Amino acid sequence: MATHSPPYDLEGAMSYSPIPAGPHRTSSAAEPHRPKKLLARILFSSFLLLSLVLLVVNQRPAKLDIVETTPSTSVNDFSPARPLTEPPSRGVSMGASEKVFRRVSGGELTFSWSNVMLSWQRTAYHFQPEKNWMNDPNGPLFHKGWYHLFYQYNQESAVWGNITWGHAVSRDLIHWLHLPYAMVPDQWYDVNGVWTGSATILPDGRIMMLYTGDTHDVVQVQCLAYPADLSDPLLLKWVKYQNNPVMVPPPGIGHKDFRDPTTAWLSPDGDKWRITIGSKINTTGISLVYETADFFKYELLDGYLHEVPGTGMWECIDFYPISLTESNGLDTSANGQGIKHVMKVSLDDDKNDYYALGTYDPVKNKWTPDDPELDVGIGLRYDYGKYYASKTFYDQNKKRRILWGWIRETDAEALDILKGWASVQSIPRTVVFDQKTGSNILQWPVEEVESLRSDSLEFNAKLEPGSVVPIEVDSGSQLDIVASFELDKETFEVTTEADIGYDCPTSGGAVNRGMLGPFGIVVLADENLLELTPIYFYIAKGPHGKVETHFCADELRSSVAPDVDKIVYGSKVPVLDGENLTIRSLVDHSIVESFAQGGRRVITSRIYPTTAIGGAARVFLFNNATRASVNASIKIWKMSSANIRPFPLDQL
């Protein structure tokens, strides 16, 4: 192992599309004082916005008015919001991925944020620490009646650094109790950070936790830790193996390109364990495989489990079996008939989580994708919004596979420092094979989240072209929304061709109208629709009747503040004959997780409104198509807050 600090290998600057600037609104007496020039710009922009936004005069859903909107707007009509100065870089020089959201960080804040606005952003039923920075979920497991979540944490600040393992436990994956830190960076092999890792539960009940340590001379190495007392349900104390590190970068692998070991699975003979670690050779992403009999000594196997040219550094690899016939999850070592393997990688280059279905040959130590066109890093994603560094585990308690994901902030770093915290974890999701399409997984919020549901309402409506219908809710900040849409069949059949080449990210959002879309729900909107986030479908119909359905989340007008990211997320979603179009959205203050078609596609959004908060947050149904009407049904539950607090250790 190198004993000197390797030369810095700064990752190339990421290339992003321009950030569409959101609309502005008129000021009011209740707002903070702004310069007169800014007020004039806001007033002028408001009049422009009113020509783009769908409005409804009639507030009674029983009578829908058809509202005509102005002609379509191109995404190029929006100017990018650029930082005044280059933002700082956090993580790259240490060999980690960039932890600063660079599209809006840097420079001085340009909007007068109030404490009320910033306080509202903190979630009510998503897991997050009491304060400071959090990123990757680590080593999730179930032990003696408790679900355990470990996570990357900075004890000192709301920005990345000083990475420690935070630790929390739950009986139900929803209500959490914070515990003392599991591991801190206190050894030469992890003094620059106790980075991401995974847990393996052995047949005799022992727990082996492999994690990446960043050494004193900035080399990524793999380390072992285990509980000091397995009889302790809370696993309060952890022991770092005295002969750490147990793996170091092999020849040909960069000192900063060797991280994030997976959960182990059994070798073909059942006498050894295998794990895979992400890396790269030039610009080819690779997964190295190691074999061990005791978790103390490891052998690097020949070749790679998989490789994909042009995908760059692979982080946070996950590799697990999935049943083709059953709805339950599988232990990580399962293989054989009726089983596919999911390979997932987090791409350092674009900060997205990609997955593919394929076949694992343990004898050849090779995984082969079912469809090379949908290979890892170039095909399907777990989530088409803001979602990264995810990690699954097999929940032996309920026989299911559970997926965690890190939801980073998309505001300016200066705002995170003002708030005193940054990032949340997604609601845990179950993962199963989609037996209907045979080509993707289904993700769905764990059933336990439904225990937070309280008052509900249901509403049905025929949405004529150009209509927006308000749904009467006391507050739109904490909701579970399930909506279903059926396009008018006659109009659909007579429409011969519509919107070929449509793509959510470049579409310009829900304001742009087509014959067969967009239509869906609007969340976190104010009463006048000056701030709003549409979640919607858009149907494109090509020659010979080929139909493509797009699922999108439009953040372009989610906030009038320029210090936050505002783009359109989305992708195509498979829809089978006879299926209605369905959306489920979990709204929790500044995070919205939306699931289309039972979880075939998912979009996670971070939203930072300034007026559509608290009791002012509204929900709407809308249909902005020019030709087709849509039958819509919606059910909305209010969501209670989760009980997330420190564990009362003094009561043990």
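Me: Quick one to start: among contacts between residues at least 6 apart in sequence, what share join residues at least 24 apart?
Reply: That share is 66% in this protein, where contact means heavy atoms within 4.5 Å. Keep in mind that this is a predicted model, in which local features need pLDDT of at least 70, side-chain atom pairs count only at pLDDT 80 or more, and totals for chains, interfaces and linings use all residues. Residues are numbered from 1 along each chain as its sequence is written, and side-chain values use heavy atoms, with hydrogens and water left out.

Me: Got it. How many helices and strands are there in the protein?
Reply: The protein has 4 helices and 37 strands. Both are DSSP runs numbered from the N terminus: helices are H or I with at least four residues, and strands are E with at least two.

Me: And what percentage of the residues is buried?
Reply: Of the 652 residues, 61% are buried. Buried means under 20% relative accessible area, exposed means over 50%, and partly exposed is in between, using a 1.4 Å probe and protein chains only.

Me: Which way do its residues point from β2?
Reply: Trp-146, His-148, Phe-150, Gln-152 and Asn-154 point one way, while Tyr-147, Leu-149, Tyr-151 and Tyr-153 point the other way. In general, side chains in a regular strand alternate between the two faces of the sheet.

Me: Nice. Which strands does β2 pair with, say in the antiparallel sense?
Reply: One of them is β3 (residues 163-170), which pairs with β2 in the antiparallel sense over 8 bridges. Two strands pair if DSSP finds at least two bridges between them. Within that pairing, Tyr-153 has Thr-164 in β3 as its bridge partner. Strand β1 (residues 132-143) also runs antiparallel to β2, and 6 bridges join the two. There, Leu-141 stands opposite His-148, and Asn-138 stands opposite Phe-150.

Me: What sits between β1 and β2?
Reply: The two strands form a hairpin with 2 residues between them. Lys-144 is in the turn and has a positive phi of about 50 degrees.

Me: What's the strand order in the open sheet with mixed pairing?
Reply: The order is β21-β1-β2-β3-β4-β37, making an open sheet of 6 strands. Its edge strands, β21 (421-422) and β37 (644-646), each pair on one side only.

Me: Switching topic: which order does the open sheet with antiparallel pairing have?
Reply: That one also has 6 strands, in the order β26-β35-β28-β29-β30-β31. β26 (467-471) and β31 (568-572) are the edge strands. Inside the sheet, β28 (residues 519-525) and β29 (residues 533-541) pair over 5 bridges, with Ile-521 opposite Ile-535 in β29.

Me: Last one, Asp-554: is it buried or exposed?
Reply: Asp-554 has 2% relative accessibility, so it counts as buried. The residue is found in strand β30 (residues 547-554).

Me: What does the side chain of Asp-554 reach at 2.9 Å?
Reply: It reaches the backbone nitrogen of Ala-510 at that distance. A polar atom of the Asp-554 side chain also lies 2.9 Å from the backbone nitrogen of Leu-556. Not counting residues up to four places away in sequence, Asp-554 touches several others, including Gly-509, Leu-532, Tyr-536 and Val-568.

Note on methods: Polar contact = N/O pair within 3.5 Å; in protein donor to acceptor, adjacent residues only side chain to side chain.
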